[in-house]
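Let's take a friendly walk through a protein model together. Keep the sequence beside you as you read, and look up each place as we come to it.

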2 protein chains.
Amino acid sequence: MRAALMYGAGDVRVENVPDPQIVEPTDAVVKVVAACICGSDLWPYASKVPTAEGARMGHEFVGTVEEIGADVTGISVGDFVIAPFVASDGTCDYCREGLQTSCRHGAHWGSDGVDGGQGERVRVPQASGTLVVVPAGFDEQLVPSLLALSDVMSTGYHAATKGGVAPGKSVTVIGDGAVGLSAVLAAKMLGAERIILMGRHAERTKLGREFGASDVVVERGADGVARVKELTAGDGTHVVLEAVGLKPALETAFQVVRPGGVISRVGAPQFEDVPFGFGPFMQNITLTGGVAPARAYIEKLLALVLDGVIQPGKVFDRVIGLEEVPAGYRDMADRKVLKVLVRP
Amino acid sequence: MRAALMYGAGDVRVENVPDPQIVEPTDAVVKVVAACICGSDLWPYASKVPTAEGARMGHEFVGTVEEIGADVTGISVGDFVIAPFVASDGTCDYCREGLQTSCRHGAHWGSDGVDGGQGERVRVPQASGTLVVVPAGFDEQLVPSLLALSDVMSTGYHAATKGGVAPGKSVTVIGDGAVGLSAVLAAKMLGAERIILMGRHAERTKLGREFGASDVVVERGADGVARVKELTAGDGTHVVLEAVGLKPALETAFQVVRPGGVISRVGAPQFEDVPFGFGPFMQNITLTGGVAPARAYIEKLLALVLDGVIQPGKVFDRVIGLEEVPAGYRDMADRKVLKVLVRP
């Protein structure tokens, strides 16, 4: 079958790879109907050291179950399923607590001999725990929004949930990428009173307003901070959702959060040290968030997608075939595209 | 009147200062019955640059109301009162939210022309919002435990509350100072299933066990981390209460917290950068805590002290007079004493 592999920074190729097969009795094989290129795929695309063997890519996909192992329950051949971006057994203590990203038998797509989502088929470990069946089955119209639950929408929802967004709360969302916009939608769902979106790409912030942003701040750095302060009578917001992962974004978060407030970050940090010393200590700031256990949220969000309450798939602004994946990376890295949907 | 002043590192003197008077109609004057030397007073005692004018010291006291301003309500002359370690108006949005340390009209003892607690009398700003009347009045036996509510016990309780300590949770407390021990007591009150106290002073950890610690880890650094991991089947604890304020303590906290867990710190950080990068992000660690809004907790804790449920005053292991305050600093800095109670 065909699949995308990354050989180094800027070097993505689509090649022939072995067809996946059931290895463990808990596995399933899923034919990919749609996959994504993720903002987080752009980190290695910018910096990966060249390797002789390519790395399988893609950790977001929806598809049809083609084969199941002997121990798989709750999933049948022919089911249309959503795969969260980490595989998990669904039974360990972490999974039962809703922290499937720390599953004791978890696996990551594209590593440890597991296929990536950017390919024709995927062997899914721990299929019973990992996959979520779409009860309504395949529906072409819903593919983008169901696919968004694999990662970006669940990640935005994780940010908002961990941030304690609730009616009466003011929220700043830092970053107008697909996750930032999903965080806006999640904050709106959770009843935020005011949502200030910090981003400077007009097309994206337009979607942000559609998702529920009440204000858009295009300025960055000190000017951006000043603008948020101006909008909040000098106080900042109760919650800040940080969806970038670079240090200046987190520094901004500390400057626009209200005393007693919460910074919830879902941008994977590309740095080690957080400026979280005496000043924010005296203001009782909380820093939370982390990699999203998408599996914990998919059922709830799926119901809202099926009911037409939310349309998180609007973050996709280009559809490509599998062979076009290298160009898709390039266009996302060049910010020509917000988020790419791949139809193998 | 007499009061303690700090002129520089290691240089505390007791001198004559002007008697406090009502300045604002919201002020009260309180005759100090008992005050403390705080672990946080030891930071300037170790490092303060010498100054010609001494700084008034002390931010924990209980006493008797001697005089009230025209606008003071709810407080009467003769009342026995507890002062939290920050003055607050009790009416602003932060105070109503229980974050009195961010009060819009707050004041700190010993700064901005406000007296310190280590003296004979104190002018109390925003007296109606700040002071908590002890309904039972003065009781010699209860003085230490009531005094502990000014800061250390409320601070320990803040740590445990912000950390989400609850039945079924495992807790590590880092630091066997008066705040760490108070955090143990608070964690016990909130129903923690297991409380591991990291500390190496036998007298202190003995009190820690009395307060509810189920295990004591005397090792520090990597050995201490290994020991906590051993006690928790390799996982660490759901909650870590950090009551030191030095970077190695917080580094230890990140190493003994369970994935999905919470580090709640009340040790005032003596550093800026927190090692909170990709690793703890992938484990969904939360870092919370901060300076304790003692005022938010005193009424609740006071009821438990009056009912004999808790005896947080056990952290005091020496009583001195006001003239002995310089020696009290020395002995606390030299770790000869856990916490000093001053009777002016």
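Predicted model: local features only at pLDDT ≥ 70, side-chain atom pairs only at ≥ 80, totals over all residues.

## An exposed alanine

Ala70(B) counts as exposed because it has 9 C-beta neighbours inside 10 Å; a residue is called buried with 20 or more other C-beta atoms within 10 Å of its own, exposed with 12 or fewer, and partly exposed in between, the C-beta atoms being placed from the backbone. You will find Ala70(B) in the loop between strand S5 (61–68) and strand S6 (80–83) of chain B. Helices (H or I, at least four residues) and strands (E, at least two) are DSSP runs, numbered from the N terminus.

Residues are numbered from 1 along each chain as its sequence is written, and chains are lettered from A and ligands numbered from 1 in the order in which they are written.

## Two residues with positive phi

Asp112(A) has a phi near 55°, a positive value in a residue other than glycine. Look for Asp112(A) in the loop between strand S8 (107–108) and strand S9 (121–124) of chain A. With 10 C-beta neighbours inside 10 Å, Asp112(A) counts as exposed.

In chain B, Ala233(B) also has a positive phi near 55° without being a glycine. Ala233(B) sits in the loop between helix H8 (221–231) and S12 of chain B, and is exposed, with 7 other C-beta atoms within 10 Å.

## A covered helix and a covered strand

How many residues of helix H5 (residues 152–162) of chain B are buried? The count is 11 of 11, so this helix is mostly covered. Among the buried residues are Met153(B), Tyr157(B) and His158(B). In chain B, they pack against helices H4 (143–148), H6 (178–189) and H11 (298–306), and against strands S12 (237–242), S13 (257–265) and S15 (286–289). Packing here rests on contacts, and two residues are in contact if their C-beta atoms, placed from the backbone, lie within 7 Å. After H5(B) comes Gly164(B), with a positive phi near 75°.

Strand S6 (residues 80–83) of chain A is covered on both faces: Phe80(A) and Ile82(A) are buried on one side, Val81(A) and Ala83(A) on the other. S6(A) pairs with strand S5 (residues 61–68) of chain A in the antiparallel sense over four bridges, where strands pair if DSSP finds at least two bridges between them. Val62(A) has Ile82(A) as its bridge partner in S6(A). S6(A) also runs antiparallel to strand S10 (residues 132–133) of chain A, joined by two bridges, and Val81(A) stands opposite Val133(A) in S10(A).

## Chain A as a whole

Chain A has 12 helices and 19 strands. Its radius of gyration is 20 Å, close to the 20 Å that the globule rule gives for 344 residues, so chain A is as compact as a globular protein of that length. The radius is taken over C-alpha atoms, and the rule is 2.2 Å times the number of residues to the power 0.38. Of the 344 residues in chain A, 55% are buried.

An automatic or database domain assignment gives chain A domain 1 (2–151 + 293–343) and domain 2 (156–289). The centres of the two domains, taken over C-alpha atoms, are 27 Å apart. Where they meet, 12 residues of domain 1 of chain A are in contact with 13 residues of domain 2 of chain A.

## How the two chains meet

A rotation of 180° with 0.0 Å of shift along its axis superposes chain B on chain A (RMSD 0.0 Å), using least squares on the C-alpha atoms of residues with pLDDT of at least 70 in both. The two copies are thus related as by a two-fold rotation axis.

At the interface, 27 residues of chain B are in contact with 27 residues of chain A. Strand S16 (residues 273–275) of chain A and S14(B) pair in the antiparallel sense over three bridges, with Pro275(A) opposite Asp273(B).
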